[in-house]
Amino acid sequence: MILGIESTCDETGAALVHDGRVLSNVVASSAALHAAYGGVVPEIASRACVESIGPVVKEALGDHAWEQVDAVAVAHRPGLIGSLLVGVSAAQALAWSLGKPLIGVDHVRAHLHSVTLDVGNVQLPAVGLVASGGHTSLYHVRDWHDITRLGGTIDDAVGEAYDKVAAILELGYPGGPLIDRLATNGDPAAVKFPRSMLGRDSLDFSFSGLKTAVLYHVRGAKGRERTVADLDERTIADTAASFQQAVIDTLLKKLERAMEQTGAQSVILGGGVSANRGLRAALPSLGVPVAMPKPAYCTDNAAMIAGLGEAMLAAGDIADLDLAAVPN
């Protein structure tokens, strides 16, 4: 039984996983504290992690005894350094006091592994896409110990672009779920927003130009000729739907390229944006098996940390007690 700890950003999570089955998964989010700022404030996030880590671990343990824990897995990279240090320090203390192995888990790779939770094995090799507020990256997943990064964003992550477009449309924060809901009432072909491909063979992403195109569409060519108040509900919904379609088209095209270049014939999706209904509905058009995490495991959570930690423990991949928190 693996105790997982996750504190890479504005969530503090703890979970128990045994043989790929999630026994508990507790998440305390500080998103409400950041809403007034339109994004995560690192100092606020780390302080919230400090306040939450003890109660969250206690709740995740539940009626299980500490002696039943076989190892402690913790997300130690990448993330906000202040938040990471909270989780890593807690995991080090628990592993030392219990005399149990410590496992350092890569947060992004854990998002890929989340598709196996409560499901079992998925088809490998595969092309993996992690799409979240902090990451948009493609991977060649040959197996869970052989993962190669193929490309990633050179500016905004896809979730970050959603937040910024939501701010332009004055929808609120976090932007992803808000735009996803609004897009269901709009016409995805209403506005011809750009799809940045960065070259014929590129597997990198860029969403800054798309975000700017939305800004100019909403506020005028000079960015200050009108406000959202000047737009009717239909225009706002069409803008949201057209933006989301541009994102989805870009992600699908890059996945197709990655499959062509690697020869992989299946896709793994992970990260907070994997909960997006528009993206989930579009992925079957790729014509290959697609593994997506259950909704509870899309956003940052400790179950995915414990799940990948279990696979790493089986492979003997154990960390020293001086495991470092690595922000990048």
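**View 1. Contacts of K100 in the predicted model.** In this predicted model, K100 touches E67, V69, D70, A71 and A95, leaving aside residues up to four places away in sequence. One of these residues, A71, is 29 residues from K100 in sequence, and the two C-alpha atoms are 5.2 Å apart in space. A polar atom of the K100 side chain lies 3.5 Å from the backbone oxygen of V69.

**View 2. The loop that holds K100.** K100 sits in the loop between helix α3 (81-98) and strand β5 (102-106). The relative accessibility of K100 is 26%. Buried means under 20% and exposed means over 50%, so K100 counts as partly exposed.

**View 3. The open sheet of five strands.** The strands follow the order β8-β7-β6-β9-β10, and their pairing is mixed. Strands β8 (146-152) and β10 (290-291) are at the edges of the sheet. Each of these two has a single partner strand, so one side of each is left without a neighbour in the sheet.

**View 4. The pairing of β7 with β8.** Strand β7 covers residues 136-143 and runs antiparallel to β8. Six bridges join the two strands. In one of the bridges, D143 is partnered by D146 in β8.

**View 5. Helix α8 across the sheet.** Helix α8, made of residues 233-262, lies across β6 (126-131), β7, β8 and β9 (267-270). The helix runs at about 150° to β6.

Definitions and conventions. Residues are numbered from 1 along each chain as its sequence is written. This is a predicted model: local features need pLDDT of at least 70, side-chain atom pairs count only at pLDDT 80 or more; totals for chains, interfaces and linings use all residues. Side-chain values use heavy atoms; hydrogens and water are left out. Two strands pair if DSSP finds at least two bridges between them. Helices (H or I, at least four residues) and strands (E, at least two) are DSSP runs, numbered from the N terminus. Contact means heavy atoms within 4.5 Å. Axes are lines fitted to C-alpha atoms, for helices over the stretch in contact, and angles run from 0 to 180 degrees between N-to-C directions. Buried means under 20% relative accessible area, exposed over 50%, partly exposed in between (1.4 Å probe, protein chains only). A polar contact is a pair of N or O atoms within 3.5 Å; within protein, one must be able to donate a hydrogen and the other to accept it, and residues adjacent in sequence count only if both atoms are side-chain atoms.
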